[in-house]
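Here is a brisk tour of selected local features. Please look over the sequence and the model before reading on.

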Amino acid sequence: MLVLAIETSCDDTSAAVVNNGVEVLSSVIASQTEFHKKYGGIVPEIASRRHIEVINPVIKEALERADKDFGDLDAVAVTCGPGLVGSLLVGVCAAKAVSYSLDIPLIGVNHLEGHMYANFINSHSLSKRGGNPNEEREGVSFPFICLIVSGGHTMIVEAKGYGKYRTLGQTRDDAAGEAFDKVARFLKLGFPGGPVIDRLAKEGDPKAIDFKRPMLEEEYGYDFSFSGIKTAVVNYVMRNAQRGMRTQDIVASFQRAVVDVLVEKTVKAAVENGIGNICLAGGVSANSLLRSELMLRGAEAGLRVTIPPFEYTTDNAAMIACAGFHRLKADGPSQLSIKPVAGLKL
Ligand code: KG4
Ligand code: ZN
């Protein structure tokens with residue numbers, strides 16, 4: 001079954017064509033970072049206007065790269081929340097138009113569910129971008145524990161089957177990605193902060209500064225808190241402003257502290273709940289230290305660890321197609337009257 005998916009929840013306009021919820025035939029992402037950079041964050045009004053400009057060419061390109069026509073499609077999936085409502089609206093309207101004009105099912109998908117389903121991708125064709133054609137891997141299987149870490153969310157979810165999710169814990173203040181972005185902004189490293197910190201941290205000493213690992217005490221369960229660690233970085237820089245400091249050491253120590261907490265709680269959730277599979281989802285799952293540490297510490301605990309292919313870690317439509325395929329099979333199509341919901345829960 002061929003699903004075209006559209007994802008416009010934030011600042012990336014994306015379309016993808018995916019076969020049977022696991023095989024990515026094409027994935028096109030038009031990034032808007034250049035338009036938002038000078039403001040140090042995403043400007044919602046600019047994001048929605050830019051989506052309108054590029055949505056049709058992006059869909060066309062996704063079909064072309066997959067070597068398919070509109071007539072080959074069996075369904076169209078779209079992110080309907082959570083996200084910026086003006087941005088979501090552009091994708092939802094485009095998907096409705098495709099569904100109505102071709103008379104194929106429309107599937108509204110939760111963005112967070114989409115991130116989780118990036119772990120199911122088991123084959124993707126990178127041939128048109130110069131990568132390995134039809135690279136293959138094994139995807140995740142139920143039941144699993146998923147750590148969802150993005151710019152807006154940080155949560156540990158137990159997934160027993162399609163749609164059977166239980167949130168075990170979440171952040172009580174900032175999301176992990178938000179902490180990366182805020183620390184990078186404070187250190188004037190640019191936006192988005194995650195990839196820059198990831199890169200710079202490779203040249204730093206993660207033991208240089210011992211930032212406190214927040215909320216590891218038993219009483220906090222699987223909940224997180226990242227605003228304190230961000231403040232700890234700011235205070236450290238203020239206190240030591242007169243002395244020579246290496247930015248690389250600061251970001252490496254910060255990243256190490258965040259990753260330690262994320263990995264420890266995820267592995268603990270799997271072990272304590274008797275679940276043998278763990279996976280990683282959301283933009284922060286692009287982080288190289290988080291990826292390698294989860295693999296390492298998960299394996300040490302006897303768990304099977306799945307991480308999404310790197311190109312499906314940050315926002316993309318391929319993951320939405322995967323989740324949409326399963327949703328269609330489980331619940332049937334969505335109504336043409338669906339509306340975007342900014343605060344949609346998992
Ligand atoms: O999932 P995503 O693309 O958008 C949301 O749904 O929020 O996640 C974006 C977040 C940003 O906070 C960005 O800084 C973070 O993911 N991010 C990273 C890395 N790449 C992206 N954080 C840490 N390390 C990275 N390599
Ligand atoms: Zn996301």
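Where is Met 215 found? Met 215 sits in the loop between helix H6 (193-201) and helix H7 (227-239). Helices (H or I, at least four residues) and strands (E, at least two) are DSSP runs, numbered from the N terminus.

This is a predicted model, in which local features need pLDDT of at least 70, side-chain atom pairs count only at pLDDT 80 or more, and totals for chains, interfaces and linings use all residues. Residues are numbered from 1 along each chain as its sequence is written, chains are lettered from A and ligands numbered from 1 in the order in which they are written, and side-chain values use heavy atoms, with hydrogens and water left out.

**Backbone features**

Phi of Met 215 is near 60°, a positive value in a residue other than glycine. Met 215 is buried, at a relative accessible area of 9%. Buried means under 20% relative accessible area, exposed over 50%, and partly exposed in between (1.4 Å probe, protein chains only).

Asp 67 also has a positive phi, near 65°, and is not a glycine. Asp 67 lies in the loop between H2 and S4. With 66% relative accessibility, Asp 67 is exposed.

| Cis peptide bond | Omega |
|---|---|
| Gly 81 and Pro 82 | about -10° |
| Phe 142 and Pro 143 | about -10° |

Pro 82 is in the loop between S4 and helix H3 (85-102). Pro 143 is in the loop between strand S7 (135-136) and strand S8 (144-149).

**Zinc site**

Which residues are the protein donors of the zinc ion (ligand 2)? They are His 111 (NE2), His 115 (NE2) and Asp 315 (OD), lying 2.1 Å from the ion. Donors are N, O and S atoms within 2.8 Å of the metal (3.2 Å for Na, K and Ca); water is not among the atoms, so sites may look incomplete. Along the chain, the donors follow the spacing H-x3-H-x199-D. His 115 lies in helix H4 (residues 111-117) and Asp 315 in the loop between strand S12 (304-306) and helix H10 (317-331), so this pair ties together parts that are 200 residues apart in sequence. Both His 115 and Asp 315 are buried.

**Acidic surface**

Asp 67 returns here: with Asp 69, Asp 72 and Asp 74, Asp 67 forms a negative surface patch. Asp 74 is in the loop between helix H2 (44-66) and strand S4 (75-81). Asp 74 is partly exposed, at 33% relative accessible area.

Definitions and conventions: Patches are made of residues with over 30% relative accessible area and no salt bridge: like charges are joined within 9 Å, nonpolar side chains (Val, Leu, Ile, Met, Phe, Trp, Tyr) within 5 Å. Accessible areas come from the Shrake-Rupley method with a 1.4 Å probe; for residues, only the protein chains shown count as cover. A salt bridge is a side-chain nitrogen of Lys or Arg within 4 Å of a carboxyl oxygen of Asp or Glu. Lys and Arg count as positive and Asp and Glu as negative; His and the chain ends are not counted. The place of a charge is taken as NZ of Lys, CZ of Arg, CG of Asp or CD of Glu.
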